[in-house]
Amino acid sequence: MKRAISAFITIISCIKSVAQIPTNGLDVQHYQFTIQLNDSNNLIKGTAVITTKFTKAVDKVVFDLVQKKKDGKGMTVTTVTKKDQEISFTQDAQHIIINESANTTDQNIYTITYEGIPADGLIIGVNKYNHRTFFSDNWPNRARNWLPCNDHPSDKASVEFIVTAPDHYQIISNGIQTEESNLPGHLKLTHYKEDMLLPTKVMVIGAADFAVNYAGSVDCIPVYSWVYPEDKDTGFLAYAAAKNILPWFEKHIAPYPYKKLANVQSKTVFGGMENASAIFYFENSVTDKGLEGLLVHEITHQWFGDNATEKDWSHLWLSEGFATYMTHLYHEEKYGEDSFNNRLKADREKVIAFSKTRNTPVSDTSASNNLMQLLNANSYQKGGWILHMLRRKVGDSLFWQSIRAYYDIYKGSNANTNDLRKVFEDVSKQDLKDFFQEWIYTSGQPELDIKWSYNKKKKEITLIIEQQQKHFFTFSLDITINKSVLKTIDIKDKTTTISFTCDAEPNLIELDPKVNLLFNAALHKGK
Ligand SMILES: [Zn+2]
C-alpha cells in the first residue's frame, strides 16, 4: 500500500493489537463470507463458513474477531456450528473461542453467524459526493473487525464473498463474479470467488454506486476501472493506464496471478491498497498527477505482497521495498536513467532523514504492537534501495533471474528475508550473509566525514574517509574528480586513507556519481 493521507494514518495508528506469527495452530483453507449490508444503519449481518486444518493439536479453536464494546461497535457471535451441530463458544475482546479440541489430522468446517457495527476494517460512510459507500480496508490486521478469521499474512486461504445489499449498489471483491441476482425487497445478491490463496490483509469488498469500464485485456486478463459515476470521464481515462502497465510486469516477472484486475476509486485510508485483483485507490486519485507511479506500486503488489507474501510483519519490506523499487525500474525503462536516479536520490534523502528519527533496522520487530509504524522509509525507500544495491552487486541479469526465481518459488505462499537471500545466493553464487546483515538487520547507513587535500608538487589528491556511525559498513564508494577521474574506494574500517594522482587541483569532487550507494556524507577540504 502507499501512504498518502497522513491524518488518517495518525488516527488509526492508535489501534494496538499484538501481532506476531500466530500460535493458534490454525491453517485456514477456505473462507466463505456471507455479508448483509443495508441503508438504514451500519449494522452488518455475517455468516462465516471457515474450512481449517491444524498445524498442531489444540484444546480450543480460536479465531480473531473484535467483540462488541461499550460504544456499541464490534461483533457479537450468535451461533457456531460444525456439521449442523451447535458448539459452545465464548468471546473475548479480540477473539472467538470455540470449545472443542482438534488435531493435525482434522479438517473442520465451522459456521459462525454474527452481527454488529464494524469498529474498523469495513468503512461505512459517505463518499466525497455524499453517497453512502462500504469499503473494507483490512491492512494490516483490521479484518478481524468485521470478519472472523486468522488475521495474519502467514495463513493464506482462498475466499468467497456473498454480499446482499440494496440493489442500487454495485459490489466489487476479489476474484471472479460468479453470480448477481436481484432479490425481493429491492435487494441484490453478488457472489465473488477467488481460488488463489490470499492473506486476510488483501481480502476485500466494496459497495457503492459505481460506473464500471472495461479498459481492455492483457494476455486474456480483463482490466476494469470502477469509479464514482460523477468521476466517470476522468476516472475511466486515468485508470485505463493500468492496461499499459501490466505488460511490463509480465515481461519482467511472470504472468499476472489473478483472473481480473479492477482499479477502484474508494475511501481507503491509504493512498492505495493492493487488495488482490481489486486494488483500492484514494478518492482523488483519478485526478492525481502521481497516479501512474501509484498504479505501478499497487500493481507490483499483486505479485509481491499478495501472491508471494511476507511471512511476518518484520519482513514487510518484501512487499513495500519491492513495490517501491519496481516502480523505479518501471520509470527507468519508460523515462530513462535520469528519472530513475532522481527517484533514488529523493528516496535516499527520505531514508537518511528517517534514520535520524527512528533508529531501527529494516527488519523491525519492535513495531509488533503498532504495525502502522512500519509504514515508514525503512520498509519502503530503504527496502527499495537494498534491492538497488543488490542489483548493483550481482548485475542486472542475475538480479532479474533472482527476482523471478524468488517469485516462482514463493508465489501462492510466504517468504522471509532469509528466503530471498538464499535465492539471490543460489542464483549469483555469491555469499550475501554480510550484505543482508548490514542492510536489513542493522540500523542506519554509512555516515561519512570526508576530508580531501591536494599536493600540488606531487599532483596527488589524498582523501581521509571516516565512518562516523556505530557499526562500520563494508562497501565501495565511487568518486569522480573534475568530472573525469573515476575512483572506486573500498571501505570497511573506521578510517580509510587513499592517495592517487590527479593532474589538476580538484574543483569538483562528486561522491557516488552513478547513484549506487545508500550513504550520507560531509565533504570538506582539509589542511
Ligand atoms: Zn505498497
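Trainee: What makes M1, H297, H301 and E320 donors of the zinc ion?

Mentor: This is a predicted model, in which local features need pLDDT of at least 70 and side-chain atom pairs count only at pLDDT 80 or more, while totals for chains, interfaces and linings use all residues. Residues are numbered from 1 along each chain as its sequence is written, and side-chain values use heavy atoms, with hydrogens and water left out. Donors are N, O and S atoms within 2.8 Å of the metal (3.2 Å for Na, K and Ca); water is not among the atoms, so sites may look incomplete. The zinc ion has M1 (N), M1 (O), H297 (NE2), H301 (NE2) and E320 (OE) at 2.0 to 2.2 Å, and these atoms therefore count as donors.

Trainee: Which spacing do the donors of the zinc ion follow along the chain?

Mentor: The spacing is M-x295-H-x3-H-x18-E.

Trainee: Why are H297 and H301 separated by about one helical turn?

Mentor: The two histidines lie four residues apart in helix α4 (residues 291-303), and this is why about one helical turn separates them. An α-helix has 3.6 residues a turn, so residues three or four places apart point the same way. Helices (H or I, at least four residues) and strands (E, at least two) are DSSP runs, numbered from the N terminus. Both H297 and H301 are also buried, a term that stands for under 20% relative accessible area, with exposed over 50% and partly exposed in between (1.4 Å probe, protein chains only).

Trainee: Why is N138 called buried?

Mentor: N138 has a relative accessible area of 0%, which is under 20%, so N138 is buried. The residue is found in the loop between β10 (132-136) and β11 (157-166). Contact means heavy atoms within 4.5 Å; leaving aside residues up to four places away in sequence, N138 touches G121, A143, W146, L147, T200, K201 and M203.

Trainee: What makes the pair of N138 and W146 a polar contact?

Mentor: A polar contact is a pair of N or O atoms within 3.5 Å; within protein, one must be able to donate a hydrogen and the other to accept it, and residues adjacent in sequence count only if both atoms are side-chain atoms. The side chains of N138 and W146 make such a contact at 2.9 Å. In the loop that holds N138, P140 is also found, and a cis peptide bond with omega of about -10° joins W139 and P140.

Trainee: Is C220 buried or exposed, and which of the two is C502?

Mentor: C220 has 75% relative accessibility and therefore counts as exposed, whereas C502, at 3%, counts as buried. A disulfide is a pair of cysteine sulfur atoms within 2.5 Å, and by this rule the count comes to zero.

Trainee: Why do β26 and β28 count as edge strands?

Mentor: Two strands pair if DSSP finds at least two bridges between them. The open sheet of three strands has the order β26-β25-β28, with antiparallel pairing. β26 (485-491) and β28 (509-511) each have a single partner strand, so one side of each is left without a neighbour in the sheet. Seven bridges join β25 (residues 475-481) to β26, and the bridge partner of F475 in β26 is I491.

Trainee: What is the phi of K483, and where does K483 lie?

Mentor: K483 has a positive phi of about 65° although it is not a glycine, and K483 lies in the loop between β25 and β26. Most residues other than glycine have a negative phi. With a relative accessible area of 63%, K483 is exposed.
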